Amino acid sequence: MKHYTAKAHTNIALLKYWGKADSELIIPTTSSISLTLNEFYTQTTVWFDSTLDQDRVVLDGILLSTKASTKVVHLLNLVRQLSGLTSYAHVESHNHVPTAAGLASSASAFAALAGAASRASGLTLSRQDLSRLARRGSGSASRSIFGGFAQWERGHSDLTSFAKPIMEEVTWPIQLVTVLINDQPKKVSSRTGMQLAQTSAPGYQQWVADTNAANSAALTAIFNQDLATLGCLAEENALAMHALNPTATPPFTYLTTQSWAVIRLAQTLRNNKGIPVYATMDAGPNVKLISQPHDTSVIMQALHQILPNVQTQIATPGPGINIVEGDT
Ligand code: PMV
């Protein structure tokens with residue numbers, strides 16, 4: 001069978017997905033908005049092989065155990081259902097999302113897998129259907145099909161829950177400075193974290209209502225190239241999401257003293273120096289600073305004053321998925 005290789009970039013949510021309305025189909029409680037990043041991506045090659053007696057998944061040169069490949073096999077099963085193929089697949093994947101960037105690779109990984117596996121099975125899905133398929137691997141992967149700014153509309157069923165492009169070519173100056181607080185695997189996975197957050201009452205329902213309402217304001221800010229409004233919405237949304245976790249049953253938190261120091265730094269730079277810099281955090285302690293390339297040196301200086309040895313990486317807007325025939 002033919003080999004197909006897909007390259008998908010990771011994304012960071014500015015308005016978050018943090019909870020499922022349907023955990024089997026991965027239908028979220030909120031619509032979310034993200035920025036796809038140029039520097040970090042996953043490249044995955046898939047081919048089906050009738051001589052295999054199970055799927056064979058190799059990640060960065062290492063053959064995964066049956067347990068470690070469960071989520072990959074789940075997505076391959078969906079591809080087999082859609083295409084009518086019955087054979088197993090070879091999956092070879094390379095992650096270019098260094099742990100040292102403090103970013104999750106599941107978005108780029110499942111977007112690339114959905115792209116390569118669907119094409120290798122003979123399917124030619126539209127980007128909307130590809131987004132729906134990637135969603136079934138990891139919710140945030142639905143957004144990595146598209147470049148630049150994307151919105152995952154929560155929808156209410158498998159057919160209506162998918163991401164769409166908002167602005168794929170981002171020509172205005174926006175970047176994320178990723179601040180690495182800790183590169184260890186997280187203690188509470190995003191799957192568990194969002195399940196627990198949903199027990200936070202009545203805070204969770206309020207967060208859902210606020211996030212859904214913030215979507216239209218964020219879209220307007222993107223079209224107006226209005227970093228200040230978009231940044232404020234993103235920071236508010238992330239802080240409100242992280243405020244749910246300590247009031248869940250049982251309570252938990254991803255943020256450390258160092259995370260808070262970086263969040264406060266963003267606020268101080270805005271308030272005291274008028275520099276547009278806004279913090280966002282995902283299922284871990286690392287902080288990403290939404291900012292302008294122009295302000296990089298001031299931000300770095302201020303960061304190194306409070307955390308002298310902290311590692312940082314800069315990420316800029318990136319492209320949507322690319323799928324080609326063959327190995328690359
Ligand atoms: O796609 P998952 O299951 O890894 O969940 C991602 C959750 C967050 O990164 C915290 C938020 C988001 O919208 O990406």
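User: Which residues does Ala117 touch, not counting residues up to four places away in sequence?

Analyst: Two residues are in contact if their C-beta atoms, placed from the backbone, lie within 7 Å. Here, Ala117 touches Val46, Leu75, Leu76, Val79 and Ala89, leaving out residues up to four places away in sequence. Bear in mind that this is a predicted model: local features need pLDDT of at least 70, side-chain atom pairs count only at pLDDT 80 or more, and totals for chains, interfaces and linings use all residues. Residue numbers start from 1 along each chain as its sequence is written.

User: Okay, and which residues touch the most other members of the largest nonpolar core?

Analyst: A nonpolar core is a set of buried Ala, Val, Leu, Ile, Met, Phe, Trp, Tyr and Cys residues joined through C-beta atoms within 7 Å. Buried means that 20 or more other C-beta atoms lie within 10 Å of a residue's own; exposed means 12 or fewer, and partly exposed is in between, with C-beta atoms placed from the backbone. The largest core has 91 residues, and Ala111, Leu113, Ala114, Ala117 and Leu289 touch the most other members. Helix α2 (residues 106–120) gives the largest share of this core, 10 residues. Helices (H or I, at least four residues) and strands (E, at least two) are DSSP runs, numbered from the N terminus. At least three core residues come from each of domain 1 (4–171 + 318–325) and domain 2 (175–315), with bounds from an automatic or database domain assignment.

User: Where does the ligand lie relative to domain 1 and domain 2?

Analyst: A residue counts as near a molecule or strand if its C-beta atom, placed from the backbone, lies within 6 Å of it. The ligand has 14 residues around it, and the closest are Ala13, Tyr17, Ser140, Ser190 and Asp282. Domain 1 and domain 2 both give residues to this shell, so the ligand lies between them.
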